[in-house]
Amino acid sequence: MGDDKKEVKRKVSGDEAASASEERPKWNSKTQYMLTCIGFAVGLGNVWRFPYLCQIYGGGAFLIPYLIALAIQGLPLLYLELAIGQRLRMGSIGVWNSISPYLGGVGMASMMVSLLVGMFYNSIVAWVMWYFFHSFQDPLPWAYCPLNENRTGYVKECEDSTSVNYFWYRETLNISPRVEISGSLQWGMVLSLLCAWAVVYLCFIRGIETIGKAVYITSTFPYVVLTIFLVRAMTLPGATVGLTYLFTPDWETLKNPKVWLDAATQIFFSLSLAFGGLIAFSSYNPEKNNCERDAVIVGCINSATSIYAAIPIFAILGFKAQTNYNTCVDRNILSLTNAFDIGEHNITSENYNDWLFSLNTTDPDIVSDLELRTCELQTFLDQSASGTGLAFIVFTEAVIEMPGSQVWAVLFFVMLFSLGLSSMFGNLEGVLTPLLDLKLVPKWMPKEIFTALICVICFAMALIFTLRSGNYWLEIFNSYVGSVPLLVIAFFELIAVVYVYGINRFNDDILFMTGKKPNWYWQACWRVISPLTLLLVLVAYVVVQAQQRPKYPAWNPEYVDFPETDLQFYPDWVFAVCVLLAAVPCLLIPLVAAYKLVQRMCLGSRNLQEQERHHANPYSNQGSYSNQGPSSNHGSHSNRGFSHDV
């Protein structure tokens with residue numbers, strides 16, 4: 001009898017040791033967790049995508065569909081991901097596989113999207129680092145055109161366009177005239193990309209332990225820089241013109257269905273939903289945590305950041321438009337002064353229009369031969385740009401005109417680097433956490449080595465973006481990986497939680513974690529509003545894209561209308577790659593479900609359940625949940641949430 005007791009004691013001790021070895025990592029503080037989620041959600045899109053949408057869609061009027069989309073799509077999906085990750089305490093694959101083995105493809109799709117997005121996203125960070133390193137030169141290298149080979153003039157491509165365009169397209173990208181012309185690796189970009197991945201690895205080397213320290217800088221510094229830019233931008237001439245343009249609503253644009261579609265997709269993508277990163281981050285929380293409050297705070301800060309960033313951006317765009325307008329008028333004044341032998345200071349910017357009308361009335365032929373430019377302030381304000389066009393062309397051009405341009409360039413690119421790096425934490429976490437949770441990493445391999453291996457693989461695959469055609473491929477990945485797959489994944493996440501896991505069980509889980517059940521607003525969104533609107537956005541997005549064959553803007557110095565971009569159709573094989581990038585992550589969902597169904601039919605339910613129990617969630621704490629949770633009177637009900645039973 002005594003031997004039996006000793007054996008039982010040894011077995012219990014062994015189980016406790018195994019449990020301790022598998023203990024889930026935890027955040028050092030709630031602040032680290034919140035800053036990490038905010039850093040992941042607030043990214044480059046808040047700075048260069050949201051202002052662009054406001055610019056083309058009626059300024060302040062765009063805020064109406066944007067905030068509506070936040071309320072019925074963004075916040076409910078964000079709350080759902082944070083809650084399900086916190087309760088099941090696993091990465092994306094483990095969470096959906098725990099709910100049902102047929103849903104394992106949802107997690108795999110999230111992981112693939114995170115991998116692909118991380119590849120091109122860190123390539124943008126590499127471009128930012130390239131500009132950052134060049135920002136210490138005086139004068140800035142994009143402020144002037146280089147001399148030609150004979151040193152008798154400037155390079156023709158630069159003269160025909162601008163020094164800013166030349167530095168971006170030729171010095172930085174050395175871009176090819178068509179996407180099918182790959183060209184060679186650009187070694188400057190390769191080195192920048194290597195540096196970008198090295199920084200990500202160093203910040204990620206020990207998982208949330210090192211991420212939690214890095215986010216104190218990467219998540220807060222952009223707000224410091226934005227505030228500095230806000231103060232400086234408000235003192236620039238033309239700032240009020242830009243802000244008036246931003247906040248003056250054009251209500252007619254709300255009649256355009258594409259405005260509502262773009263608002264829905266913007267709020268969805270800017271919150272980084274369906275990547276799996278938010279699920280992974282919340283899985284490191286204690287089970288007793290108010291995830292509802294977390295979701296509201298992260299969602300509102302993300303949207304407030306977009307609006308806050310738009311103010312200095314539009315003030316600077318107004319300054320740029322005013323500067324370009326003044327330059328245009330000054331050139332026309334010089335032409336008129338020389339042609340009509342008028343006194344040097346007789347024509348000014350204030351009376352320019354009166355002089356032009358008078359001279360055009362008396363000598364229309366002479367004025368016509370001068371080929372004067374049309375100078376309208378509204379035209380310069382309407383010259384919209386987003387993404388890399390805003391960061392590396394429009395903004396860098398504005399910085400040249402600002403006193404102390406090197407300081408503002410350094411601050412701007414450090415801000416972009418911080419935004420990109422904090423978003424990369426979530427992308428990489430969406431890849432690593434599922435692989436670690438599913439025990440796919442050999443036990444002999446330290447986590448640091450495995451993380452390094454993933455970074456090296458991503459770096460090698462991302463070399464495609466350092467080719468001469470790399471910018472075209474990055475736009476392809478951005479357009480097709482970060483669009484339809486995320487909408488499809490999010491739709492299946494809602495269906496999985498509400499109709500497979502069970503909305504009542506999910507409500508009980510939230511009651512256990514937060515002490516209160518979700519109110520009617522969350523219930524209505526999860527059950528009906530969010531799935532329907534998400535499905536509507538998905539269908540509308542696909543229909544809009546399918547109506548026309550996609551084109552891309554090519555930078556071609558031989559183009560007849562150069563420096564205008566040459567709009568070209570994608571070659572058939574490139575278009576096929578586009579379709580595959582959008583389709584493959586989505587196809588993983590039905591393929592995994594079909595595989596599990598065939599496996600169940602071949603192995604039989606008994607053997608399959610044995611396999612599923614072997615791979616059960618090691619962090620589930622089933623016993624404590626069934627004893628403490630709100631569903632403690634329904635033991636089988638509690639346990640189902642952490643097994644692979646359908």
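These legends describe close-up views of a predicted model. Local features need pLDDT of at least 70 and side-chain atom pairs count only at pLDDT 80 or more, while totals for chains, interfaces and linings use all residues. Residues are numbered from 1 along each chain as its sequence is written, and side-chain values use heavy atoms, with hydrogens and water left out.

**View 1. Helix H2, residues 30-41.** Helices here are DSSP runs of H or I with at least four residues, numbered from the N terminus. In H2, 10 of the 12 residues are buried, so the helix is largely enclosed by the rest of the structure. Buried means under 20% relative accessible area, with a 1.4 Å probe and protein chains only. Among the buried residues are Tyr33, Cys37, Gly39 and Ala41.

**View 2. Positions listed by UniProt under "binding site".** The unreviewed entry gives Gly39, Ala41, Val42, Asn46, Ser270, Asn302, Leu419 and Ser423; such annotations may be inferred rather than shown by experiment. The positions are spread over 385 residues of sequence but cluster in space, with a largest C-alpha distance of 12.5 Å.

**View 3. Valine 42, in the loop between H2 and helix H3 (44-48).** Valine 42 is buried, at 4% relative accessible area. Its contacts (heavy atoms within 4.5 Å), not counting residues up to four places away in sequence, are Tyr223, Ser270, Asn302, Thr305, Leu419, Ser422 and Ser423.

**View 4. Serine 270, in helix H14 (residues 257-270).** Serine 270 is buried, with a relative accessible area of 8%. Leaving aside neighbours within four places in sequence, serine 270 is in contact with Ala41, Val42, Asn46, Tyr66 and Asn302.

Methods:
Helices (H or I, at least four residues) and strands (E, at least two) are DSSP runs, numbered from the N terminus. The expected span of a helix is 1.5 Å times one less than its number of residues. Buried means under 20% relative accessible area, exposed over 50%, partly exposed in between (1.4 Å probe, protein chains only).
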